[in-house]
Amino acid sequence: KMIEKLFHYEYSQSFHCVHFAIEAAKHLYQKDYTSSFIGLTNSLDDAIRTSRSTVIQNTRIDRPKEGCIVLMTYHTGNSHVGIFYKHRIFHLCEQGVQRITLEQARPLFKRIRFYEPNLNHS
C-alpha cells in the first residue's frame with residue numbers, strides 16, 4: 001500500500017489528528033471512520049474532547065490491532081488520535097505525520113486506549 005501520500009498532510013486548525021485518522025483509514029483500508037468521531041471533526045477552535053458519546057460508539061479493546069483507533073491523552077489533558085497501522089501509531093501532530101511505536105508513545109501520553117471502530121451505526 002502506498003502510504004507516501006499520507007505524509008503530505010499538514011496540521012492546521014481545520015485539519016487535525018481526527019481528520020488525518022479518517023483520511024488514513026480511507027486510504028489504507030477503504031473504510032470510512034467518520035462515524036467513529038461524532039463531534040470531533042470540527043476545527044480545533046472547538047477543542048477536541050473525547051466525549052462519552054464518541055467512545056460509546058466504538059468498542060474498547062485491550063490491545064491494539066491493525067486498523068484500530070488509538071485514543072491518546074496528553075499530560076495536559078488534551079486528547080489526540082491516530083490509527084494503528086503495521087504495529088505503529090500513525091498520526092498527525094503539529095510536527096507533521098508520524099509513525100511511532102507504542103514504546104515511543106508511552107512517555108508522551110498519560111493514557112493510551114484502543115478502540116475497534118464501529119462502522120455499522122448511521
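Guide: Helix α1 covers residues 17-29, which is 13 residues, and spans 17 Å from its first C-alpha to its last. That is close to the 18 Å expected at 1.5 Å a residue, where the expected span is 1.5 Å times one less than the number of residues. Helices here are DSSP runs of H or I with at least four residues, strands are runs of E with at least two, and both are numbered from the N terminus.

This is a predicted model, in which local features need pLDDT of at least 70, side-chain atom pairs count only at pLDDT 80 or more, and totals for chains, interfaces and linings use all residues. Residues are numbered from 1 along each chain as its sequence is written, and side-chain values use heavy atoms, with hydrogens and water left out.

α1 is mostly covered, with 10 of its 13 residues buried; buried means under 20% relative accessible area, exposed over 50%, and partly exposed in between, with a 1.4 Å probe and protein chains only. The buried residues are C17, V18, H19, F20, A21, I22, A24, A25, L28 and Y29. Their cover includes β3 (79-85), β4 (88-93) and β5 (96-100), with contact taken as heavy atoms within 4.5 Å. Just after the helix, Q30 has a positive phi of about 55°.

Of these covering strands, β3 is itself mostly covered: 7 of its 7 residues are buried. β3 pairs with β2 (residues 69-74) in the antiparallel sense over 5 bridges, pairing being called when DSSP finds at least two bridges between two strands. In that pair, L71 stands opposite V81 of β3. The two strands form a hairpin with 4 residues between them, and G77 in the turn has a positive phi of about 100°. β3 also runs antiparallel to β4, joined by 3 bridges, with F84 opposite I89 of β4. This second hairpin leaves 2 residues between β3 and β4, and K86 in its turn has a positive phi of about 50°.

The largest nonpolar core has 23 residues, and those with the most contacts inside it are F20, L28, Y33, F37, V81, I83 and F90. Such a core is a set of buried Ala, Val, Leu, Ile, Met, Phe, Trp, Tyr and Cys residues joined through side-chain atoms within 4.5 Å. α1, β2, β3 and β4 each supply at least two of its residues, and α1 gives the most, with 9. A second, separate core of 11 residues includes C68, L102, A105 and F114.
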